[in-house]
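This report describes the fold and selected local contacts of one protein chain. The sequence and structure are shown first, and the account follows.

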Amino acid sequence: MSRRPSRPIPYATPHAIVRSCAIALALVLAGGASAAAPRAAADVGNDASASANVSTGDADVDLTLDLAQERALNADRPDWPAVRARAADLVRAESGEAGRAAAIGYVLASLGDGHSFYLSAGQLAARLGGARDEADGKQRAPIAQAQAPLAGFARLSLNGWVGDGEAAVIEAARQVRRALIESLGEGRCGLILDLSGNGGGNMWPMMGGLAPLYDEGLVEVYDGRGGRAELNVRKGALHSGRLRLPNVDLPPLPPLPARPQRIALILGPQTASSGEIVALGFKGQRNARSFGAATAGATNANQGVHLPSGGVLALTIARLLDRDGVAQQGPLLPDQRSERPFEAATQWLQEQCDGAAQTSAQ
């Protein structure tokens, strides 16, 4: 294999982690490649530097390997010289995109995080373009929809949304906030937040639009190889350090409708990636309770990187901790398992809201 000029990779700081998670699309890497056998971190470290400048013959694969070794949450697991050699074999075995995809898939599978993935330029264009899902041709749901109340309680559906770029993210966040305000205008003291169909995508308009629903203070933490980054809510807006996410003034919740006293989350197996991260922000919040079934389990944080060919790499670089500092591992489990989650949610809201009304009347 030929060598190529050494090229330093800027390290991912904690706040760069937060910024870059914006393009963490909802797709779990599935099949097609076998993981390399894990080795001790000490062994990997010595071999990695020796093999770092060996080219596979494909710029996208080379960059994926470099980034995975430098930034991936599970970078200490693979035998990197062996992974790099096998990736080069796959590049040579098939020309063009077929070899590239096979090699990148193999590299990401070797990490064993179950959430890193690759989209070719064509796949990315299909996901970003148009209003229909390329898988089944159905009309894509908007990022947020105010639904008809259930038993008098406000109901909001928050859906997966794929998009990139500041203008698109800001407009999506405004849509979420407008839908939230619209839904609260129709309900009583409680809100049903339906995340059951949220397969993920760009989390910032979701969390930024919903920010007033979270308690003030720490919401969750990103814990990566470069350090930690905290997400906080301050005065109804989402922040990481001094960075507001997204960086725009959103319509405030007016006095009426007010912030709901109780929030019932609806979860299910289709709740994935950013949908799960939105839900994790409510974990430990006293006025919130979740109903339904276990989520998909894609709960690590991805960094999106645009590759030379026009494709995108989403690399898992951090794990998430809830507001109590507990690491989220695997699927989120609802507080109350139910095959009829909306009925269970309305029953809980009825009890909570009626109880609060009786207490205030005394």
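How many residues of helix α8 (residues 203-210) are buried? In α8, 8 of its 8 residues are buried, and the helix is mostly covered.

## Basis of the description

This is a predicted model, in which local features need pLDDT of at least 70, side-chain atom pairs count only at pLDDT 80 or more, and totals for chains, interfaces and linings use all residues. Residues are numbered from 1 along each chain as its sequence is written, and side-chain values use heavy atoms, with hydrogens and water left out.

## Overall composition

The protein chain comprises 10 helices and 13 strands; helices (H or I, at least four residues) and strands (E, at least two) are DSSP runs numbered from the N terminus. Of the 362 residues in the chain, 51% are buried. Buried means under 20% relative accessible area, exposed over 50%, and partly exposed in between (1.4 Å probe, protein chains only).

Contact means heavy atoms within 4.5 Å. Among contacts between residues at least 6 apart in sequence, 76% join residues at least 24 apart.

## The open sheet

An open sheet of 6 strands has the order β2-β3-β4-β9-β10-β13, with mixed pairing; two strands pair if DSSP finds at least two bridges between them. At the edges stand β2 (144-150) and β13 (336-337), each with a single partner strand, so one side of each has no neighbour in the sheet.

Strand β4 (residues 190-194) runs parallel to β9 and is joined to it by 5 bridges; Leu193 has Leu265 of β9 as its bridge partner. The pairing of β9 with β10 is likewise in the parallel sense, over 5 bridges, and Leu267 is partnered by Gly292 of β10. Strand β10 (residues 288-292) is largely enclosed by the rest of the structure, because 4 of its 5 residues are buried.

The buried residues of α8 include Trp204, Pro205 and Leu210. The N-terminal end of α8 is capped by Asn202, which places a side-chain oxygen 3.1 Å from the backbone nitrogen of Trp204.

Ser273 is located in the loop between β9 (262-267) and α9 (274-280). Ser273 counts as buried because its relative accessibility is 3%. The side chain of Ser273 forms a polar contact of 3.2 Å with the side chain of His115. A polar contact is a pair of N or O atoms within 3.5 Å; within protein, one must be able to donate a hydrogen and the other to accept it, and residues adjacent in sequence count only if both atoms are side-chain atoms.

The axes of helix α3 (residues 59-71) and helix α5 (residues 96-111) come within 9 Å and cross at roughly 10°. Helix α3 is therefore roughly parallel to α5, a description that applies to angles under 35 degrees. The contact involves Asp60, Val61, Thr64, Leu65 and Ala68 of α3, together with Arg100, Ala103, Ile104, Val107, Leu108 and Leu111 of α5. By class, the contact residues are 8 nonpolar, 1 polar and 2 charged.

Asp89 belongs to helix α4 (residues 80-93) and, with 34% relative accessibility, counts as partly exposed. Asp89 and Ala103 are 14 residues apart in sequence, with a C-alpha to C-alpha separation of 8.1 Å. The side chain of Asp89 also makes a polar contact of 2.4 Å with the side chain of Arg92.

Notes. Axes fitted to C-alpha atoms, helices over the stretch in contact; angles between N-to-C directions. Parallel < 35°, antiparallel > 145°, perpendicular 65-115°, else oblique. Nonpolar A, V, L, I, M, F, W, Y, C, P; charged D, E, K, R; others polar.
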